[in-house]
Amino acid sequence: MTIMRKFKIYGLLAFLLCGGMLNAQQTAQFTLDAKKIGAPVQSTMYGLFFEDINFGADGGLYAELVKNRSFDFPQNLMGWNTFGNVEVLKSNPLFPNNPTYLKLSTSGHNHKHTGIENEGFRGMGFKKGEQYRFSVWAKSESDAPQKLRINLIDSHNEVIGSKDLEVKSKEWKKYELEISPKTTDKNGRLRIFLASQGEVYIEHVSLFPVDTWKGRNGGLRKDLAQALADLQPGVFRFPGGCIVEGTDLDTRYDWKKSVGAVENRPLNENRWHYTFTHRFFPDYYQTYGLGFYEYFLLSEDIGAEPLPVVNVGLACQYQNECCVAHQPVGELDDYIQDALDLIEFANGSTDTKWGKLRAEMGHPASFEMKFLGIGNEQWGEEYVERLAAFSKAIRAKHPEIKLIGSSGPSADGKEFDYLWPEMKRLKVDLVDEHYYQTPEWFLKSATRYDNYDRKGPAVFAGEYACHDHASGKDNNFLSALCEAAFMTGLERNADIVHMCTYAPLFAHVDAWQWKPDMIWFDNLSVVKTPNYYVQQLYAKNTGTNVLNLTWNKQAITGQEGLYASAVYDKNEKCYIVKVVNTTKESKAINLTITGLRKNQTLTIGECTLMQNMNAGAVNTLENKNAVVPQKTTATLNGNVVAIAAQANSFGVYKITE
Ligand code: AHR
């Protein structure tokens, strides 16, 4: 980043803060009322939004290393190089939903070779000494056993691991072996030779690290799943995002295609392949390998309430004028049934059709799903009339499920103003709001919910992120700090804001379509952004109840560039105060805790600070720790806590009883 640009970003912060600076000698007098334990903070308050964008699932969290493993991309050999005699076949398929397979035949000469080579997702990440599980469905044409040679190749075209596999049958069978590379490489490939003089048919060629999240065969990338677990999310929204809708209804995310044997989950296009022509990814498809079962399991693993979103019978409204592309209102039965069946798949007893499938996949117990989003970023009457039909049918059968409606794609405006009253009329439980906005907007909107109607549905801030256009939308400290400031407003209004999820979640450094994103990764490692750490600090310090925190009897929403909120944690018996200082001056704060019991003593507990004088600071693969939370402290004198809120900082202070 140029000095000039840094200056501009920094200048922006300074500008936002002007308006009566507290002089260095003055101390801000905050008051925390410990007596009035306020509204509960929902355990779902801080969570995750997942979508297969930026190689989030295929090429990302889903640990499969082979791209186009079933040869069913529209260009059947995309991602593959072939040599020698290789035929693409589709007749009499082994897996009807993914019909394509290959025939490898002898080259007819000892010095010529037949085989295939897969390029992975911008390469394959191999770690020295780790085991990789190769598998393939194969059969030979004759009774003579055939041999395949499986090679792991590094970025210099060296063989770094090799094993032979014997195909012994004329019937389709799954073969497996493990290979361990002798060096580490993040741009490796998989090469398969026909190493005998005959013919072999192959289908669903797969390569996974053995060391996946929870050691599951064919599972998730361990480091990425761990990063999610470390966030301690309360809720987990899936599978999007626009992906829910599809560019047309045929390509919407159809959850039923994402369950059962992975080999037979049909390929779907991924709209992020072509959404932006300036970031075009013609090799981006959805295998559904990370499908709804894997999603529910991961939610359970990381202790987050699953919140699936289903299609409401509308294809993406950005891409389709009303209403030819959409499902007519009178013909929604199949779509509504899909939603009901998803509830059955998650929660139904094992003697129901979908509950039985869940049990067969390995989870007889219910996933205890409680929330369901109906539609993504929908708008207009066409949404409301469809939502009404869904709501009626789901309420009738599953009154226990909390339904989430949309307020459109923007934080305000015509659609937003039309939809909120409609959501109230339809009595949805939560309304999904989305805002990808500037730093200025985020700071200004710390008061957004202070005057929201308390009688209507609760708020789910289902997609949000601070977009700092001046930096090219970097995940920089400025954006994280503005989000932290804004989130004091979410916390203060936790009586009506029940959930919030930053978006998008993941991005591959070599294959992203959208930024900023919370977690970046390459084929071997992960980078947590400053925005990640802000989310984590909120989620780890959710507390159980809102407390009233004031300065001159006012909520702290930007006076002198300070933003603050507080919660009580009944379980840990502590007060947790979050303070954001968006100025370039350090601020002295005296926090007086009133309403304490007689003789009640306090101690300073864990205190954490994120601070950086460079608003443009980012974490990168080369420097992952430019902005990370550090331990800090505060001083206690009776019931007064002295906090030195450093310039450009976000601090979380725990005061225990
Ligand atoms: O998060 C990226 C996209 O932004 C989502 O798919 C969509 O819902 C929103 O417009």
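These legends describe close-up views of a predicted model.

**View 1. The shell around the ligand.** The aromatic residues F49, W272, Y436 and W514 surround the ligand. E51, E377 and E463 also belong to the surroundings. By class, the shell divides into six nonpolar, two polar and three charged residues.

View 2. Oxygen atoms of the ligand take part in each pair shown here. E51 places a polar side-chain atom 2.6 Å from a ligand oxygen. N376 also uses its side chain: a polar atom there lies 2.9 Å from an oxygen atom of the ligand. C242 contributes through its backbone instead, with an N or O atom 2.8 Å from a ligand oxygen. On its own, the ligand has 280 Å² of accessible area, and the protein covers 96% of that.

**View 3. The cis peptide bond at G241.** The bond from G240 to G241 is cis, and its omega is near 15°. G241 sits in the loop that runs between β14 (235-238) and β15 (268-269).

**View 4. The cis peptide bond at C323.** C322 and C323 are joined by a cis peptide bond, with omega near 5°. C323 is found in the loop between β17 (305-310) and α4. Most peptide bonds are trans.

**View 5. Helices α4 and α5.** Helix α4 spans residues 333-347, and helix α5 spans residues 353-360. The two pack at an angle of about 40°, with axes 7 Å apart. That angle makes α4 oblique to α5. The crossing of α4 past α5 is right-handed.

**View 6. Helices α6 and α7.** Residues 380-397 form helix α6, and residues 414-425 form helix α7. Their axes come within 10 Å and cross at roughly 15°. Angles under 35 degrees count as roughly parallel, so α6 is roughly parallel to α7. Here too the crossing is right-handed, with α6 passing α7.

**View 7. The backbone at R122.** Most residues other than glycine have a negative phi. R122 lies in the loop between β6 (115-118) and β7 (124-126).

Terms used: Residues are numbered from 1 along each chain as its sequence is written. This is a predicted model: local features need pLDDT of at least 70, side-chain atom pairs count only at pLDDT 80 or more; totals for chains, interfaces and linings use all residues. Side-chain values use heavy atoms; hydrogens and water are left out. A residue is near a molecule or strand if one of its heavy atoms lies within 4 Å of it. A polar contact is a pair of N or O atoms within 3.5 Å; within protein, one must be able to donate a hydrogen and the other to accept it, and residues adjacent in sequence count only if both atoms are side-chain atoms. Accessible areas come from the Shrake-Rupley method with a 1.4 Å probe; for residues, only the protein chains shown count as cover. Ala, Val, Leu, Ile, Met, Phe, Trp, Tyr, Cys and Pro count as nonpolar, Asp, Glu, Lys and Arg as charged, and the others, Gly among them, as polar. Axes are lines fitted to C-alpha atoms, for helices over the stretch in contact, and angles run from 0 to 180 degrees between N-to-C directions. Helices (H or I, at least four residues) and strands (E, at least two) are DSSP runs, numbered from the N terminus. Angles under 35 degrees count as roughly parallel, over 145 as roughly antiparallel, 65 to 115 as roughly perpendicular and the rest as oblique. A crossing is left-handed if the near helix is turned anticlockwise from the far one by less than a right angle, and right-handed if clockwise.
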